[in-house]
Amino acid sequence: MTYFYRRTRAASASPARPAARAQAALTHALEALGRPFIVADLETTGLSTASCEILEFAAVRVGDGGAVVNEYTQVVRTCGRVPSFISRLTGITQAEVDRDGIPVAQAFSSFLNFVEDLPVFFHNASFDRRFLTAAADQTGLPFPNATHCTLALARRAWPELPSHKLDILARHVGASQPTHRALADVRTTVAVALAASARLATA
């Protein structure tokens, strides 16, 4: 039997580390928003990378001054059929996948060409990163870009809000409502990111 011993830490050091990491992440995100960046979103067939697939990629390139420079969107031809509840949620039907979808390796490659080496922002980035990591493992195409989370930015910018879901943030900043189509949600997230950056710059 193996025993594991917990190393005793100084009482003052432990709480500071998560706070320091959060502050560093905020600083890096705000710096990234000060130069060209990407906002992206994925629609998937479910929550688990083990059993679900990427259904749609979307991304927007934002240039200096917060101007939208270009947009990218692509439906993926999934191996399995699109679950009915996902079609109801996103509006992406099996007919659309059959008509417009391309294999995930091709869609992921196009996505990577679009984002180039720019920092990429997602709303709830940990979810999208898990699926992009799975896609990278599946296709052999690396995703090395720095990623940032607009959900974390929004929580810092508007701590008074009861929720930081994208639809609530959209109403708060006067942006278009998200629809669970990836490009529409990205457009909303761009507005949230820029508003959060402006709010935090004056905090």
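Q: Which residues point one way from β1 and which the other way, and are they buried or exposed?
A: In this predicted model, F37, V39, D41 and E43 point to one side of β1, while I38, A40, L42 and T44 point to the other, and all of them are buried.

Q: What makes strand β1 (residues 37–44) count as largely enclosed by the rest of the structure?
A: The cut-off for buried is under 20% relative accessible area. Eight of the eight residues in β1 are buried, so the strand is largely enclosed by the rest of the structure.

Q: How do you know that β1 is joined to strand β2 (residues 54–62), and in which sense do they run?
A: Pairing takes at least two bridges. There are eight bridges between β1 and β2, and the two strands run antiparallel. For a spot to look at, T44 stands opposite I54 in β2.

Q: What makes β1 and strand β4 (residues 120–122) a pair?
A: The requirement is at least two bridges, and β1 and β4 have two, in the parallel sense. Here V39 stands opposite F121 in β4.

Q: Why is the aromatic pair of F127 and F131 called tilted?
A: By the rule used here, the count comes to six aromatic pairs. In the one formed by F127 and F131, the centres are 5.1 Å apart and the planes make an angle of 50 degrees. The centres have to lie within 6.5 Å, planes under 30 degrees apart would be stacked and planes over 60 edge-to-face, so the rest count as tilted. With 50 degrees between the planes, F127 and F131 are a tilted pair.

Q: Why are F127 and F131 separated by about one helical turn?
A: Because they are four residues apart in helix α5 (residues 125–139), F127 and F131 are separated by about one helical turn. F127, at a relative accessible area of 17%, is buried, and F131, at 2%, is buried as well.

Q: Which residues form one aromatic cluster?
A: That would be F57, F108, F111 and F143.

Q: How do you know that R61 lies over the face of F114?
A: The distance limit is within 6 Å of the ring centre, alongside an angle limit of within 35 degrees of the ring normal. R61 is 5.5 Å from the ring centre of F114 and lies over its face.

Q: What makes V192 count as buried or exposed?
A: Buried means under 20%, and V192 has a relative accessibility of 1%, so it counts as buried. V192 sits in helix α8 (residues 182–201). Leaving out residues up to four places away in sequence, V192 touches W158, L166, L169 and V173.

Q: What about the phi of H180?
A: H180 is not a glycine either, and it has a positive phi of about 70 degrees. You'll find H180 in the loop between α7 (166–173) and α8. With 38% relative accessibility, H180 counts as partly exposed.

Q: How confident is the predictor in the protein chain, by average pLDDT?
A: The average pLDDT is 92, and 92% of the residues score at least 70. Residues 1–13 are another story: their pLDDT is below 50, and beyond near neighbours in sequence this stretch has one contact in the model. Where pLDDT is low, the predicted coordinates should not be read in detail.

Definitions and conventions: Residues numbered from 1 in each chain as written. Predicted model: local features only at pLDDT ≥ 70, side-chain atom pairs only at ≥ 80, totals over all residues. Heavy atoms only, no water. pLDDT = per-residue confidence, 0-100. Contact = heavy atoms within 4.5 Å. Buried < 20%, exposed > 50% of the residue type's maximum accessible area, 1.4 Å probe, protein only.
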